[in-house]
Amino acid sequence: MAKVLLIEDDSETAEEITAELTDRGFEVEWSSNGIDGLDMARSLRPDAMIVDRLLPGMDGLTVIEALRKDQVRTPVLVLSALGAVDDRVRGLRMGGDDYLTKPFAVVELIARIEALLRRPVETRETTLRVGPLELDLIERTVKRGERRIELLPREFRLLEYMMRRSDQLLTRAMLLEEVWNYKFVPATNLVDVHMGRLRHKVDGPGDTPMIHNVRGAGFVLRTLS
Amino acid sequence: MATSESIASREEIGRQELMLQVGFIRSNTFRWASAVAGVLAVFVVVLFGFIYWKIDQYLITRSDRMIAQQIRYIAELPPERRINAIEDHLAQDSRSVQFAGLFDPKGNLLAGNIEQLPEGLEIGAPVRTVKVARAERKELGDPLVRAIAQRLPNGDTFMIGRNVDETGEISHVVGEALALGLLPAFCLCLLAGAWLSLRAQKRVEEVNQRVQRIIAGNLRERLPHRNVDEPFSRLAAIVNGMLDEMETMITALSGVGNDIAHDLRTPLTRARLTLERGRTNATTLEQLQEVADKAIAGIDQSLTIITALLRLAEIENSRRSAAFGSVALHQMVREVCDVYEPIAEDKGINLGVRIADDLEVRGDRDLLFEAVANLVDNAIKFTSAGGRVDLELAREDRETIVRVTDTGPGINRQETEAVLRRFYRSDKIRNTPGVGLGLNLVSAIVKLHGFRLVIHPGPGGRVEIISPDGKLN
């Protein structure tokens with residue numbers, strides 16, 4: 001069972017997050033300020049942390065910086081009411097951590113925490129395999145069983161991203177950030193249109209569907225059992 | 001009540017007047033006037049001193065010359081006429097400033113009004129100042145005189161002198177003139193200073209009162225200014241210009257505030273109604289979930305508006321030009337096209353791209369991408385099936401242009417400016433979903449880069465982002 005440390009000063013928000021995470025089988029520890037939070041992060045050794053950016057005592061980014069100085073590599077999801085992604089946050093993201101702007105949907109938070117906990121292992125393999133799907137990173141080819149799938153470059157990147165995170169819920173915002181490199185949310189539902197095309201190619205007629213739309217949340221690439 | 005108020009206000013006025021009086025002495029204008037008056041006084045004193053010194057010198061030189069002439073004249077007379085001549089000379093002197101003495105070799109006075117030859121008077125030397133002892137009227141004291149002495153051929157010594165105390169009189173006259181001239185001038189100076197200071201103080205007070213009213217919220221108030229070319233009036237005119245601009249801006253802002261409130265209230269009202277109805281009418285869990293979903297959608301729409309507004313403010317306030325780099329527009333345009341191609345196709349719209357050349361500009365790649373993506377997004381949204389949207393990168397007349405054209409309704413000539421207002425949505429397209437801040441965002445991004453956003457009137461949409469050459473942000 002994964003242990004998550006939540007550092008959030010608003011007790012109501014903290015309660016909601018804790019309840020939701022506990023329902024999904026996480027063990028949650030909560031601290032309401034940065035100083036205690038930092039102590040708990042050092043003593044409890046959580047698997048992941050959720051840190052509010054504005055905290056009494058010590059602000060969230062300072063807590064993370066202090067941890068990083070101690071060589072603590074726990075993945076962190078930063079919550080903030082500030083939409084502006086400044087240089088400090090940008091540095092954070094480079095380290096593999098994530099940033100979520102308040103207000104957020106609960107599914108978004110869960111999806112991102114799960115993504116942080118299950119960071120894809122950097123493999124030397126040049127072929128990704130999920131169920132019958134096979135993606136060759138060098139040849140840039142995709143096959144489902146014996147059927148070859150022709151993909152456009154962007155679709156290839158999307159499928160690669162999903163295959164590295166199979167059986168994980170991927171929200172639209174995550175896909176926009178990671179696959180399209182978007183720093184903003186476009187008016188049109190870009191992700192749905194592109195995903196629709198990819199799904200059309202991956203799940204041919206007669207195939208068992210692999211790409212699933214999770215209503216109001218995002219998409220999952222399911223391994224067929 | 002009214003009486004006590006009027007007393008209070010009278011006291012208030014009295015206090016203000018006192019403050020004004022104290023204020024004007026301390027005021028800079030008055031200090032300057034005092035300093036000028038002081039400098040003037042010193043200058044006048046020095047001037048008069050110089051005049052006095054010059055006159056004094058002139059008088060002494062003149063009397064020295066006269067003494068030298070007289071001694072020569074008398075010395076050349078035959079000895080028997082000398083005594084008479086000396087007595088005549090002294091008798092003619094009504095002001096008793098002349099002194100003379102003829103002494104025999106033993107030092108006895110033969111003629112004249114001096115008791116003895118003064119000490120320190122060298123015989124045959126040039127004229128000098130010595131103290132003489134009077135022979136008569138000793139009560140007048142021993143005066144200082146300019147004197148000269150000469151040995152006569154018969155062995156007698158003759159000395160002649162002249163009292164130069166007259167110069168003292170002159171200094172008296174000069175001093176009087178000084179007092180008569182300087183004092184009024186000094187007073188005049190102070191008075192002028194006080195008047196100027198008081199006037200400035202009054203105007204400052206007047207301005208202060210108006211400004212207080214502006215601070216209190218009366219944005220219509222303006223500073224007083226007379227139509228004369230005078231620093232104070234010019235300053236007032238400048239400040240008034242600024243106030244005009246600010247009033248316009250504040251009015252516009254409050255308009256925006258109303259728009260925001262309206263646009264936020266619409267989805268929130270819908271969410272509230274849905275929840276209210278669902279609470280009373282829903283009988284199954286599914287129905288309740290459906291209601292909750294609808295309500296969440298409404299709230300999400302409000303949040304989208306807030307996010308867009310914050311983002312707008314963020315771009316407008318950012319001074320990110322320091323982080324600008326070289327942006328390959330040809331790649332970026334191709335990428336935008338790449339992203340929107342499937343969307344256009346789904347809607348049955350033909351999305352075309354024309355790239356004239358590999359062109360680069362200085363800027364923030366992400367923001368420029370957002371701007372162009374927004375324009376294409378809009379174009380696709382407002383074009384109906386079977387239409388065309390074209391994205392073009394061109395060089396025209398030393399300018400780099402990103403142009404988005406569509407076969408949609410376009411924008412009226414009257415509306416080309418209005419579309420840049422926040423939340424503006426043309427009546428024709430009111431039913432198309434959207435937040436109505438897209439073009440504002442584009443405009444803010446373009447402005448941040450120092451580029452130009454040109455919206456051409458319809459029919460057919462045509463929007464251009466123009467980057468002029470030699471623009472170094």
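I began with Pro103(A), which I found in the loop between strand E5 (98-101) and helix H5 (106-117) of chain A. The model is a predicted one, and in it the peptide bond from Lys102(A) to Pro103(A) is cis, with omega near -5 degrees. I noted this bond since most peptide bonds are trans.

Next I looked up phi values. Arg140(A), which is not a glycine, has a positive phi near 55 degrees, and I located Arg140(A) in the loop between strand E7 (133-136) and strand E8 (141-144) of chain A. Is Arg140(A) buried or exposed? I counted 11 C-beta neighbours inside 10 Å, and because 12 or fewer qualifies as exposed, Arg140(A) counts as exposed.

Asp167(A), again not a glycine, has a positive phi of about 60 degrees, and Asp167(A) sits in the loop between H6 and strand E10 (170-171) of chain A. With 11 other C-beta atoms within 10 Å, Asp167(A) is exposed.

I then turned to helix H6 (residues 153-164) of chain A, whose axis comes within 10 Å of that of helix H8 (residues 190-202) of chain A, the two crossing at roughly 85 degrees. On the H6(A) side the contact is made by Arg154(A), Glu155(A), Leu158(A) and Leu159(A), and on the H8(A) side by His194(A), Arg197(A) and Leu198(A). By class I have 3 nonpolar, 1 polar and 3 charged residues in the contact of H6(A) with H8(A).

In chain B I looked up helix H8 (residues 365-382) and helix H10 (residues 438-449), which pack at an angle of about 145 degrees with their axes 9 Å apart. The crossing of H8(B) and H10(B) is left-handed. Among the residues that meet here are Leu368(B), Ala371(B) and Leu375(B) in H8(B) and Leu441(B), Val442(B) and Ile445(B) in H10(B). The residues of this contact divide into 8 nonpolar, 3 polar and 2 charged.

Last, I checked where the chains meet, and found 16 residues of chain B in contact with 14 residues of chain A. Helix H6 (285-317), helix H7 (329-346) and H8 of chain B are the elements that give two or more residues to the chain B side. That side has 6 nonpolar, 3 polar and 7 charged residues.

Definitions and conventions:
Residues are numbered from 1 along each chain as its sequence is written. Chains are lettered from A and ligands numbered from 1 in the order in which they are written. This is a predicted model: local features need pLDDT of at least 70, side-chain atom pairs count only at pLDDT 80 or more; totals for chains, interfaces and linings use all residues. Axes are lines fitted to C-alpha atoms, for helices over the stretch in contact, and angles run from 0 to 180 degrees between N-to-C directions. Helices (H or I, at least four residues) and strands (E, at least two) are DSSP runs, numbered from the N terminus. A crossing is left-handed if the near helix is turned anticlockwise from the far one by less than a right angle, and right-handed if clockwise. Two residues are in contact if their C-beta atoms, placed from the backbone, lie within 7 Å. Ala, Val, Leu, Ile, Met, Phe, Trp, Tyr, Cys and Pro count as nonpolar, Asp, Glu, Lys and Arg as charged, and the others, Gly among them, as polar. A residue is buried if 20 or more other C-beta atoms lie within 10 Å of its own, exposed if 12 or fewer, and partly exposed in between; C-beta atoms are placed from the backbone.
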